[in-house]
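Please keep the sequence and the structure open while going through them.

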Amino acid sequence: MLSAHVIACLLGPTSSGKSAAALALARYAPVEIISVDSALVYRQMNIGTAKPSASELSVVSHHLINIIDPFDNYSSVQFRTDALRLCSQIIERGKLPLLVGGTMLYYKTLVTGLNDLPRANASIRSVLNQYAACVGWPTLHAKLAQIDPVSAIRIAPNDSQRIQRALEVWWLTGQPMSLLLQRSSNLPVNPSDLHPTDISASVPLLPRFSAVSLEPADRSILHARIARRFDTMLDSGLINEVQQLRERGDLHSKLPSMRCVGYRQVWAYLDGEYTYKVMRDKSIFATQQLCKRQLTWLRSMPERIVIDCDKTDAGSRAADAVCRIWAIK
């Protein structure tokens, strides 16, 4: 049964070398990789997500990559359901599931379930929408800043979906959403990462999960790597990729897919909002900020096995750590 197994997870911030370490491990262990990445789920988004190439995908079976259209949403609750199902199926095939990625909300939801926030209330949302139609979402954001400044800092003034959710929670409970999240989890929670559908109660956990984390001893080295990687994305045709997505006609900049780091900035560049240089700088900075948030999540997990991703042998050391996890009975 699934509960008898320890599931290894290879985590880390963006550009830390997770994919390379996983592919190296797959060359001498019978693994199947389950992606823990909220951007890799989207089809037609290859360059800006650093999606594995066709040749890399042929080396080992990958799951939860290219599973939905960019117009659609994929929540952490859906991820948890899919990941647990896939772990069971992989084990039944006599293989080893290896979860790989850096979407910390996905991992947290998988391991602990989500915070039991109140469910959506249609009446309250209707009132909020009517009010926003009169005064604008930035005004509601200012109201949110008064009652829940922690959430307001993390939510953009025009992010109607998340402003609505935070105000809804306050209206239903009389307490800030950030406080409720803090009480129900020992992990630092970024409310702006939550989707309104991610509000189901926790489900009893079956398997055990053990994490190996690739983290930098010197963050400046990782920041330089992030800049080089984004420049490679630009050279590889990221702008053309976003342009093709725009030409579909059904996508817009407020969709979760188009708010992915890099895509959001390139979209604004194509709208004429940024110059090329500003777009590049903003994309790199946004990726570095994402890295910072990922590391905050990871460092709140004292049970993880930490590998210095700055070292040249980081991949092999991570693979050795994963193998030790699999030896646990």
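Predicted model: local features only at pLDDT ≥ 70, side-chain atom pairs only at ≥ 80, totals over all residues.

1. In UniProt, an unreviewed entry carries the annotation "binding site" over Gly 12, Pro 13, Thr 14, Ser 15, Ser 16, Gly 17, Lys 18 and Ser 19. The unreviewed entry also places a "binding site" feature at Thr 14, Ser 15, Ser 16, Gly 17, Lys 18 and Ser 19.

2. Which of the annotated residues are buried, and which are partly exposed? Pro 13 has a relative accessible area of 0% and is buried, and Lys 18, at 11%, is buried too, because the cut-off for that class is under 20%. Gly 17, with a relative accessible area of 32%, is partly exposed, and Ser 19 counts as partly exposed at 43%.

3. Pro 13 touches Lys 18, Leu 214, Pro 216, Leu 222, Cys 291, Gln 294, Leu 295 and Leu 298. Lys 18, for its part, is in contact with Leu 10, Leu 11, Gly 12, Pro 13, Val 100, Gly 101, Gly 102 and Leu 214.

4. Apart from neighbours within four places in sequence, Val 41 is in contact with Leu 64, Asn 66, Ile 67, Ile 68 and Tyr 74. The C-alpha atoms of Val 41 and His 63 are 9.1 Å apart in space, although 22 residues separate the two in sequence.

5. Helix H6 (residues 137-147) and helix H8 (residues 160-173) have axes that come within 10 Å and cross at roughly 40°; H6 and H8 are therefore oblique to each other, and their crossing is left-handed. On the H6 side the contact involves Trp 137, Leu 140, His 141, Lys 143, Leu 144 and Ile 147, and these meet Ser 160, Ile 163, Gln 164, Ala 166, Leu 167 and Trp 170 in H8. By class, the residues of this contact comprise eight nonpolar, three polar and one charged.

6. How do the axes of H5 and H8 lie, and at what angle do these helices pack? Helix H5 (residues 122-135) packs against H8 at an angle of about 125°, with the axes 10 Å apart, and H5 and H8 are therefore oblique to each other, with a right-handed crossing. Ile 124, Arg 125, Val 127, Leu 128 and Asn 129 of H5 make the contact together with Gln 164, Arg 165, Leu 167, Glu 168, Trp 171 and Leu 172 of H8. Here the residues divide into six nonpolar, two polar and three charged.

Technical notes: Residues numbered from 1 in each chain as written. Heavy atoms only, no water. Axes fitted to C-alpha atoms, helices over the stretch in contact; angles between N-to-C directions. Helix = DSSP H or I, 4+ residues; strand = E, 2+ residues; numbered from the N terminus. Parallel < 35°, antiparallel > 145°, perpendicular 65-115°, else oblique. Left-handed = near helix turned anticlockwise from the far one by under 90°. Contact = heavy atoms within 4.5 Å. Nonpolar A, V, L, I, M, F, W, Y, C, P; charged D, E, K, R; others polar. UniProt positions renumbered as here; feature names shortened; annotations may be inferred. Buried < 20%, exposed > 50% of the residue type's maximum accessible area, 1.4 Å probe, protein only.
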